[in-house]
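Dear colleague,

My notes on it follow.

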Amino acid sequence: MRALPLLVAAALAVLVPRAQDELDRLRAQDARERAVLYVRSGDRLRRLAPGFRSLLADLYWLRTVQYYGAQIAYSKEKKFELLQPLVTITTRLDPRFELAYRYGATFLAEPPPRGAGQPEAAVALLERGARALPDSWRVRQDLGFSHFFYLDDAATASRVLLDASRIPGAPYWLVTLAAELLRRGGERETSRLLWQQIYEQADEAPIKENARMHVLQIEAADTADAIGRAVEEFARQRGRRPASLPELKASGWPDLPLYDPGATPFEYDPATGQVAVSRRSPVWAPGYARRPERSPIRPAPSAAPVTASPQPTAHGR
Amino acid sequence: MAAGRLSRTAAVAMNTYRESVRERVLYNLLFFALLMTLSGLLLRDLSIRQDDRILKDLGLAAIDLFGTVIAIFIGVGLVNKEIDRRSLYPLLAKPLRRSEFVVGKFAGLSLTLLVNVAAMTAGLYFTLAVTRHPLDLHIAKAVACLYLGLLLTVALALFFSAVTSAGLAVVCTISLVLAGRFADVVRNMPEVAPSVPRALARAVYFALPNFANFDLKDRVVHADPISPAYLAWMAVYAVAYGGLLLTGAAAVFARRDLK
Amino acid sequence: MTDPAVELRGLRKAYLVGHLRRRPHAVLHDLDLTVERGEVFGYLGPNGSGKTTTMKILAGLLRADAGTVSVLGRPLGDPAWRHRVGFLPEHPYFYDYLTPREYLDYAGRLFGIPSAERKARSDQLLEQVGLARYGGVAMRRFSKGMLQRLGLAQAMINLPELVFLDEPMSGLDPIGRRMVRDVIAGLKERGATVFFSTHILSDAESLCDRVALLREGRLVKTGRLDEILSAGDHHLEVLVAGIGAPVAESLPGAVGARAIGERWRVELPRGVPLGPVAHAVEAAGGRVLAVQPVRQSLEDYFVSQVDPSREGRKWPLAD
């Protein structure tokens with residue numbers, strides 16, 4: 001009778017390591033974050049909170065969002081210095097937090113005053129996200145766009161978008177976009193296409209707003225270029241440049257807008273014939289002014305047109 | 001004969017359950033757990049997207065945390081409280097075997113936990129329903145797995161309760177529960193610190209109760225499927241380890257002189 | 001020939017005392033004891049003599065170091081006899097959050113008594129021990145005496161053939177003590193065996209058939225009560241009336257003259273003849289009202305055995 005409990009205990013004692021081994025094996029099979037797990041560079045935060053990691057990731061995410069909002073609203077300098085560390089911690093705590101990668105990358109890449117102006121960090125973040133979320137076409141889409149916009153690398157962008165398009169569930173136009181990028185890499189029109197896509201798909205208000213702003217910037221630049229061509233035409237016909245934009249408008253181009261989508265008048269230098277978006281305008285962006293234009297303006301190929309009515313934004317103050 | 005064993009064990013279990021219902025400590029804990037779950041509603045609004053992720057995380061974390069607290073703090077008092085108060089004396093003089101007493105106590109606290117965990121889960125589902133999120137059966141699955149982990153915690157607490165005094169039992173149980181939650185770190189020790197002998201790390205790893213086995217919260221939040229094989233082995237682990245603890249508790253308790 | 005109710009042979013138990021080097025301190029030394037069926041057995045001894053240790057070994061709380069114990073013919077480890085036995089521990093404690101009815105129900109379930117019978121017996125026992133009014137009150141508020149009564153009730157829920165009582169009268173008022181005495185008498189009438197330990201000797205004296213006297217873990221004396229006491233001194237107690245103090249205090253051979261109102265009581269130690277005393281009383285104009293043999297009290301005997309230096313002096317009542 002004494003022997004029975006001992007036998008039972010022995011049997012159970014053998015079973016425990018066996019079961020544990022099986023569980024570990026199954027976990028390794030199922031889980032995709034294994035690769036990211038045991039980084040030696042000191043994932044101390046991760047080690048502190050096993051079992052509650054997901055919750056901590058949420059809390060850090062909240063901090064990130066609040067931090068960004070507070071910087072926008074209250075900070076004079078708007079450097080967003082903490083944005084990268086906060087997003088990094090969030091995504092290390094939960095490597096599959098898709099929104100954190102996308103939102104984080106968007107505002108890391110954006111130049112001040114809207115973001116941290118760290119496009120390389122944004123790209124690195126998205127690359128980590130792509131590794132951790134092999135099924136996410138959205139992260140790869142963002143990655144592709146980032147390569148195109150910020151690193152001026154249309155070839156890589158196209159390749160990434162192609163990879164993304166192969167993921168089950170990815171939308172059909174990723175392939176189209178990839179092709180377009182390859183064919184006309186570096187064109188403003190392509191950029192506008194991409195931003196239009198982002199605007200249409202994003203559910204989150206800040207990302208949507210950011211995309212809209214980019215589309216308006218491109219439209220403004222396009223319009224400035226169109227006005228510039230009108231100036232040239234005027235000069236050819238009359239032998240001199242118009243003295244001002246209203247004169248140009250009055251003499252045969254009645255549809256010419258004098259104000260950009262940011263409700264600021266275009267700047268015109270009669271000496272050189274240059275038409276540009278005013279620096280004071282909310283839709284001024286340095287990059288677009290420099291892009292060379294090669295084809296005539298076409299209307300935006302979108303079903304839901306971006307509204308051109310300007311809305312006051314925080315940084316316009 | 002076996003029927004007698006069962007009915008005596010059941011009598012002890014029901015009495016233990018009744019004690020937990022009538023001693024009001026539990027209601028405070030339940031209240032705080034529900035509070036924690038409801039605070040998810042507030043936090044959710046601060047997030048950029050109105051998703052249910054943080055609600056689920058918070059709710060499951062509350063169930064895990066408070067369930068563990070209940071398991072430990074009631075568990076460590078299960079046996080030695082009766083010894084100290086000497087309420088055990090008239091019981092053991094009856095045809096109640098010491099092993100039946102230990103198992104009965106375990107069953108009683110398990111029942112208490114079941115009721116409390118069910119209440120907390122209902123609270124979580126209610127919170128999700130109020131915010132009009134689709135009801136997710138994965139949560140119930142994750143809670144069921146958590147519950148198995150809680151049973152293991154009870155077995156641990158009961159073991160120390162039967163073997164040593166109340167104060168020491170608390171310290172030992174909490175230490176092992178914490179260590180068990182870091183079992184993964186122990187397993188990977190040789191990778192991080194190569195001087196640690198592999199065999200030792202493995203031995204310690206298997207000896208510790210690995211609570212990560214029962215933690216499927218991440219899977220639930222990301223709606224990952226959980227393989228039936230995994231669930232089966234998890235149950236085996238819980239029964240084996242828990243059974244070992246209970247057998248040990250009964251054996252040690254049977255030899256103990258109760259002054 | 002039925003087995004004795006309880007049989008202890010060579011029972012030994014020692015506790016380890018000290019912190020660093022733990023030395024054994026013997027509490028029971030080679031105890032030999034037999035309790036026959038149907039008798040009321042008193043287990044007596046001063047505090048610390050090992051009475052409670054013996055009871056705890058019988059209850060299964062402690063393990064003896066050596067020796068054998070058999071109860072109702074079965075060895076100590078056999079759980080079968082526990083169905084036929086009841087226990088009342090010293091200073092019983094039950095559960096604050098239960099009522100007497102609930103506790104008795106719990107105890108009954110541990111004996112495997114079916115539900116309807118449990119209820120019937122509970123009601124009857126609560127009535128018997130005087131707790132019927134409090135059957136549904138949580139025991140949180142119970143006094144020591146009330147807990148004692150419940151203790152007695154739970155010891156009998158299984159209609160035991162043998163009952164162990166450790167200080168059954170403790171905490172009870174005179175009515176309570178009378179109740180316990182009635183219960184024990186009732187048990188005896190039913191043919192049950194009662195083994196009770198106490199240090200209140202008057203209770204033992206009035207109830208027991210046989211007693212055992214324990215001192216420092218050793219049995220000093222075991223035997224029938226009347227035999228033990230008859231072996232002691234036999235005084236005669238004489239009650240007289242109609243005489244004055246000088247006469248009363250100088251009656252031939254008499255000691256301890258005490259006035260009770262108008263009467264006098266004197267004691268005649270063993271061997272002193274009655275005749276001359278009666279004669280002296282009548283010669284002084286008084287009369288002898290009553291003559292009674294007075295046995296040595298158990299208390300006197302007890303004290304003489306336990307603490308010889310205090311022989312003849314009254315031990316302060318320890319209750």
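**Helix α3 of chain B**

Helix α3 of chain B (residues 53-75) has 23 residues, which at 1.5 Å a residue should span 33 Å; the C-alpha atoms at its ends lie 32 Å apart, so the two values agree. Please bear in mind that this is a predicted model. The helix is mostly covered, since 19 of the 23 residues of α3(B) are buried.

**Aromatic pairs**

Over all chains, the search of the whole structure returned 22 aromatic pairs. One of them joins B:Phe101 and B:Phe253: the ring centres are 6.0 Å apart and the planes meet at 25°, so this pair is stacked. Planes count as stacked when they are under 30 degrees apart. B:Phe101 belongs to helix α6 (residues 98-130) of chain B, and B:Phe253 to helix α13 (residues 228-254) of chain B; the pair therefore ties together parts that are 152 residues apart in sequence.

In chain A, ring pairs join A:Phe145, A:Phe148, A:Phe149, A:Tyr150 and A:Trp195 into a cluster. A charge also sits over a ring in this chain, with A:Lys208 over the face of A:Tyr199 at 5.0 Å from the ring centre.

**Chain A as a whole**

Chain A contains 14 helices and 2 strands. Of its 317 residues, 49% are buried. Among the contacts in chain A with a separation of 6 or more, 56% are between residues 24 or more positions apart. The accessible surface of chain A is about 15,900 Å², and carbon and sulfur atoms account for 57% of it.

**Cysteines**

How many disulfides does a search of the whole structure find over all chains? The search finds 0. A disulfide is a covalent bond between the sulfur atoms of two cysteines. B:Cys145 has a relative accessibility of 4% and so counts as buried, whereas B:Cys172, with a relative accessible area of 24%, is partly exposed. The limit for a buried residue is under 20%.

With kind regards

Conventions: Residues numbered from 1 in each chain as written. Chains lettered and ligands numbered in written order. Predicted model: local features only at pLDDT ≥ 70, side-chain atom pairs only at ≥ 80, totals over all residues. Heavy atoms only, no water. Phe/Tyr/Trp six-rings, centres within 6.5 Å; stacked < 30°, edge-to-face > 60°. Helix = DSSP H or I, 4+ residues; strand = E, 2+ residues; numbered from the N terminus. Lys NZ or Arg CZ within 6 Å of the ring centre and 35° of its normal. Expected span 1.5 Å × (residues − 1). Buried < 20%, exposed > 50% of the residue type's maximum accessible area, 1.4 Å probe, protein only. Contact = heavy atoms within 4.5 Å. Areas by Shrake-Rupley, 256 points an atom, 1.4 Å probe, with all protein chains shown as cover. Disulfide = S-S within 2.5 Å.
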